[in-house]
Every structure is written in structure tokens, then in C-alpha cells.
Amino acid sequence: MIEAIAFYLLAITAVLAGAGVVLSRSPVHSVLWLILAFFASAGLFVLLGAEFLAMLLVVVYVGAVAVLFLFVVMMLDVDFVKLREGFTRYLPLATIVAAILLAEMIIVSLAVASGGAAADGQIVPATADASNVETIGRVLYTDYVYIFQAAGIVLLIAMIGAIVLTLRHKPHVRRQNPGDQINRDRRTAVEIKSAATGRGVSPEELL
């Protein structure tokens, strides 16, 4: 009885939060509704016994992706009025795409409900002495360890590429030069400089 009440409460919360993401006029409010939808979905996963997916939603999506979206939306000066100008023009295409996605979800749900989707698949059964997370960890770090490491390398390369593409050096920002600091004469490594009030010391004077 308690599980049924929790299921309906979390399901209604997830549906309302999803509607809030789409219908909210403010992008900041949309991200907050999205975080609520993630938490409600994580609760549903816990009820299903999938603790790993619940932890993934909270740690990765809420703790990283949703918060990153929130900071990007708040920091960027985006003209959302201009973005909404073509809403009615693309509404028929969006309706067709939404109908196709809905049909796919219905087909997959019917296949899973009939038991035919996972009948031919290789399922690793969870034992009584191991939890869901431990079972997934054993399979992930034994059978799929090389694929897991390759995915980590791809994400690392993507992160480095994003940093390189977005890094901008501003001319008026004073930066340290580690090479000059390391190659400096050790006898004059510590030196007292008299700086003029309000002007400071230029980098040339420090060398």
C-alpha cells in the first residue's frame, strides 16, 4: 500500500515537472523543474530496485548536467524573445516528431510488457548476496572494462577539446610565466621592490 502511494505520488510529480519544463516561460524555472523531474524519476528507480540508475540521476544529471545548464542559462545573455519567434512556424514539424516518439515509446512498452523484449537477451541475474549496484559493477569492470576505459578516454579528449576551443587570452589580464619563475637566479629569488602607490610594479621590473 505504501509503495503504491509512493509510486503514484512520484509519478504525478515527474509528469507535472516535465510539463513545467516545457511550459515554463523562464529558462531558469525550466531547469529547476527539470531537477525536480530528475529527483522524482530517481525515486521511481528506487522503487523498482534499480539503485544504480537512481544514484546516476541524482549524482550525474542533477549534480552536474542540470546545474551546468542552470549556470549557462543564467550567465549567457540570450534573447529568448527572439528564440520564441519561430515557435508557431515549427509547430507542425514538432508535432510530427512528437507523434513518432510517442509511437516508439508505446511499441517498446508493449514489447516489454509482453516479455518478448528481454527473452532472447543475455541477462545477468542478481544474486541474493549482491545488490543491484554491486552486480552492475562486476559486469562493468570485468566483461566491459575496455569499453568503459575507452569511453572515459573519449570523454577526457572531449573535455580537453572544449577547454582549448573556449580558452581566450585577454591582453589586459596579467598572468604568471612559470618558465621565468623557474629559470630565475636563485641568489635573487627573494628581492624587495619599492612600488609606487597607485601604480604597482610592471612585469619587466620584477625580472
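First, a caution. What you see is a predicted model.

Start with the whole chain. It has nine helices and zero strands. Read from the N terminus, the order of elements is α-α-α-α-α-α-α-α-α.

How much of the chain is buried? Of its 207 residues, 12% are buried. The accessible surface is about 17,200 Å². Carbon and sulfur atoms hold 70% of that surface.

Let's zoom in on two helices. Helix α1 covers residues 2–23, and helix α2 covers residues 27–47. Their axes lie 8 Å apart. The packing angle is about 155 degrees. Angles over 145 degrees count as roughly antiparallel, so α1 is roughly antiparallel to α2. And the handedness? The crossing of α1 past α2 is left-handed.

Which residues meet there? On the α1 side, they include Glu3, Phe7, Leu10, Thr13, Leu16 and Val21. Ala6, Ala11, Ala14 and Ala17 are also among the α1 residues in this contact, and so are Gly18 and Gly20. On the α2 side, look for Trp33, Leu34, Leu36, Leu44 and Leu47, among others. Ser30, Ser41 and Gly43 belong to the α2 side too, along with Ala37 and Ala40.

What kinds of residues are these? The contact of α1 with α2 has 15 nonpolar residues, six polar and one charged. Glu3, on the α1 side, is one of the residues in that contact.

Last stop: Leu48. Where is it? Leu48 sits in the loop between α2 and α3, and α3 spans 51–75. Is Leu48 buried or exposed? Its relative accessibility is 70%. The cut-off for exposed is over 50%, so Leu48 counts as exposed.

Along the chain, Leu48 and Phe7 are 41 residues apart.

Notes:
Residues are numbered from 1 along each chain as its sequence is written. This is a predicted model: local features need pLDDT of at least 70, side-chain atom pairs count only at pLDDT 80 or more; totals for chains, interfaces and linings use all residues. Side-chain values use heavy atoms; hydrogens and water are left out. Helices (H or I, at least four residues) and strands (E, at least two) are DSSP runs, numbered from the N terminus. Buried means under 20% relative accessible area, exposed over 50%, partly exposed in between (1.4 Å probe, protein chains only). Accessible areas come from the Shrake-Rupley method with a 1.4 Å probe; for residues, only the protein chains shown count as cover. Axes are lines fitted to C-alpha atoms, for helices over the stretch in contact, and angles run from 0 to 180 degrees between N-to-C directions. Angles under 35 degrees count as roughly parallel, over 145 as roughly antiparallel, 65 to 115 as roughly perpendicular and the rest as oblique. A crossing is left-handed if the near helix is turned anticlockwise from the far one by less than a right angle, and right-handed if clockwise. Contact means heavy atoms within 4.5 Å. Ala, Val, Leu, Ile, Met, Phe, Trp, Tyr, Cys and Pro count as nonpolar, Asp, Glu, Lys and Arg as charged, and the others, Gly among them, as polar.
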